[in-house]
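Here is a short briefing for a reader who has not seen this structure before. Please look over the sequence and the model, then read the points below.

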Amino acid sequence: MTTLTVNGESRSIKASPDTPLLYVLRDELGLNAAKYGCGLGQCGACTVIVDGKAVFSCVTPIMVLEGRKITTLEGLGSVDAPGPMQRAFIAEQAAQCGYCIPGMMMRAQALLERDPHATDATIRTELQPHLCRCGTHMRILRAISRAAEEMKSKAADARTER
């Protein structure tokens with residue numbers, strides 16, 4: 001049995017150690033935001049954050065994840081209390097079909113956590129591994145910039161309160 005820390009909660013996993021994380025998230029833990037796209041780590045639909053880095057969960061076996069912090073889109077907020085990235089994507093109406101959006105949100109979240117002042121060029125470069133055919137790219141970029149501003153504002157407020 002493998003133990004994974006997903007969205008801050010320790011979970012005992014029954015799946016074989018060579019099982020890709022995506023299948024464990026969806027089939028065993030009921031976390032369905034990460035999507036199966038290509039199964040080859042080439043489209044980005046399955047992206048989650050592991051120890052602060054965006055990773056393709058479809059090609060990452062759970063055997064390499066024990067003791068590491070895994071965050072899925074569900075870990076950024078809830079329907080009742082969405083996080084800054086989720087609120088920004090809603091406000092900018094950045095999703096068309098929505099299939100690729102969870103992966104893009106997770107990659108953007110990882111970027112902004114390590115570089116809150118990421119430039120538009122950096123954001124565009126970071127999103128290059130993601131495939132989207134719906135044409136909402138400009139709204140996606142606006143949403144990420146909006147999330148960055150909110151996250152910076154919250155960080156500044158937290159520093160002021162100390």
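Two strands pair if DSSP finds at least two bridges between them; strands (E, at least two residues) and helices (H or I, at least four) are DSSP runs, numbered from the N terminus. This is a predicted model, in which local features need pLDDT of at least 70, side-chain atom pairs count only at pLDDT 80 or more, and totals for chains, interfaces and linings use all residues. Residues are numbered from 1 along each chain as its sequence is written, and side-chain values use heavy atoms, with hydrogens and water left out.

**Hairpin**
- Strands β1 (residues 2-6) and β2 (residues 9-13) run antiparallel and are joined by five bridges.
- T2 stands opposite I13 in β2.
- Two residues lie between the strands of this hairpin, where N7 takes a positive phi near 55°.

**Helix α1**
- Helix α1 covers residues 21-28, and L21, L22, V24 and L25 in it are buried (under 20% relative accessible area, 1.4 Å probe, protein chains only).
- The cover over the buried residues of α1 includes β1, β2, β3 (47-50) and β5 (69-71).

**Nonpolar cores**
- A nonpolar core is a set of buried Ala, Val, Leu, Ile, Met, Phe, Trp, Tyr and Cys residues joined through side-chain atoms within 4.5 Å.
- The largest has 28 residues, and M85, F89, L112, I123, L127, I140 and I144 have the most contacts inside it.
- At least two residues of this core come from each of α2 (84-91), α3 (101-114) and α5 (137-161).
- Helix α3 gives the largest share, eight residues.
- Another core, of 19 residues, lies apart from it and has V24, L25, L31 and C46 among its members.

Terms used: Buried means under 20% relative accessible area, exposed over 50%, partly exposed in between (1.4 Å probe, protein chains only). Contact means heavy atoms within 4.5 Å.
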